Amino acid sequence: MKFSEQRSSMLHGVLLITLFSCAAFYIGGMNWVKALSLSPMVVGIILGMLYANSLRNNLPETWVPGIAFCSKRILRFGIILYGFKLTFQDVMAVGLPAIVIDAIVVVTTICLGVFIGNLLKMDRSIALLTSCGSAICGAAAVLGVDGAIRPKPYKTAVAVATVVIFGTLSMFLYPILYRAGVFDLPVDQMGIFTGATVHEVAHVVGAGNAMGAEVSNSAIIVKMIRVMMLVPVLLVIAFFVARNMAEREGNGEVRTEKSKINIPWFAILFLVVIGFNSLNLLPESTVAFINDFDTFLLTMAMTALGAETSIDKFRKAGFKPFLLAVFLYSWLVVGGYWLVKYLTPIL
């Protein structure tokens, strides 16, 4: 096939994902979808999975590279631009207790997830993706780790499904337990607890708003600090985990040659963008446009991942990823509550 024909075929795949993403944005703008705090990214992966399990077999194979381009290249560019949602001023605004709690939650959740994954004899990639998604920022973290370890698309989709389910549960559960007095925390501590333990940014916003503006404001800032921790996590994964996975997971065979460690440069650029955004050099309207464009790019990436995920691949992954997610969710709720209640006063 000539280069021009290859490029044209790839563009067909990209255009297909773009159209699905436009539909995801339209659906995501509906009032009942907004009420559930389901972002266009989540809608996108659902549409992609519906397509994968219906019309996917009718897709010309020459279009597949375009879908892969969306799930890899566009994904990394979207993660870089995600930095425009954050500033280093946010870190300074909440103080030391929130930063320490965030760091403890992120480290312990990932370590616990990997440990339990080994006990369950799970696929290493799915265990790591699920752990990072639970620990940091839900689907965005799963996509970031995907860019670092490059697993098969269905593994990423399985991990995204788990964090979306439990993030949505938290959005409804936290306000109910807070109003009932089960979460017996002052307003400032409840904000830290919500931001440090709820999976998705959208779910933090939804849960926080249901508990009041004071809880919501601090919860969102604490959540954004967790998002920033994606960078050091990706660097650790690149240097210590990715090589091990490359040796163990290659068509079922152990690779004997020395694996090349892939430094996730998109994570470094993500941090650079945060630093640039902290300088407040761009008008708010421009930053808002970039954030909307970035959401569309990440929606394309999620849709492409969904388009590569069939029910058979979920069956292949089995029940273990969801069992792992249950363990991690229990830790986030119980362990996170204990950390905030007893450690925050000391700090």
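Buried means under 20% relative accessible area, exposed over 50%, and partly exposed in between, using a 1.4 Å probe and protein chains only. The views below come from a predicted model, in which local features need pLDDT of at least 70, side-chain atom pairs count only at pLDDT 80 or more, and totals for chains, interfaces and linings use all residues. Residues are numbered from 1 along each chain as its sequence is written, and side-chain values use heavy atoms, with hydrogens and water left out.

View A. The structure holds zero disulfides, a disulfide being a pair of cysteine sulfur atoms within 2.5 Å. Cys132 is buried, with a relative accessible area of 0%. Cys137 counts as buried too, at 1% relative accessibility.

**View B. Helix 4 beside helix 14.** Look here for residues 64-81 (helix 4) and residues 265-278 (helix 14); helices are DSSP runs (H or I, at least four residues) numbered from the N terminus. Their axes come within 7 Å and cross at roughly 25 degrees. Axes are lines fitted to C-alpha atoms, for helices over the stretch in contact, and angles run from 0 to 180 degrees between N-to-C directions. Helix 4 is therefore roughly parallel to helix 14 (angles under 35 degrees count as roughly parallel, over 145 as roughly antiparallel). The crossing is right-handed, meaning that the near helix is turned clockwise from the far one by less than a right angle. On the helix 4 side, Arg76, Ile79 and Ile80 meet Phe266, Leu269, Phe270 and Val273 of helix 14. These contact residues divide into six nonpolar, no polar and one charged (Ala, Val, Leu, Ile, Met, Phe, Trp, Tyr, Cys and Pro count as nonpolar, Asp, Glu, Lys and Arg as charged, and the others, Gly among them, as polar).

**View C. Helix 8 against helix 9.** The axes of helix 8 (residues 139-149) and helix 9 come within 9 Å and cross at roughly 160 degrees, so the two helices are roughly antiparallel to each other. Their crossing is right-handed. Ala139, Val142, Leu143 and Asp146 in helix 8 meet Thr156, Ala159, Val160 and Val163 in helix 9.

**View D. Arg179 in helix 9.** Helix 9 spans residues 153-179. Arg179 is exposed, with a relative accessible area of 55%. Leaving aside neighbours within four places in sequence, Arg179 is in contact (heavy atoms within 4.5 Å) with Ala210, Met211 and Gly212. The C-alpha atoms of Arg179 and Ala210 are separated by 9.7 Å.

Technical notes
Parallel < 35°, antiparallel > 145°, perpendicular 65-115°, else oblique.
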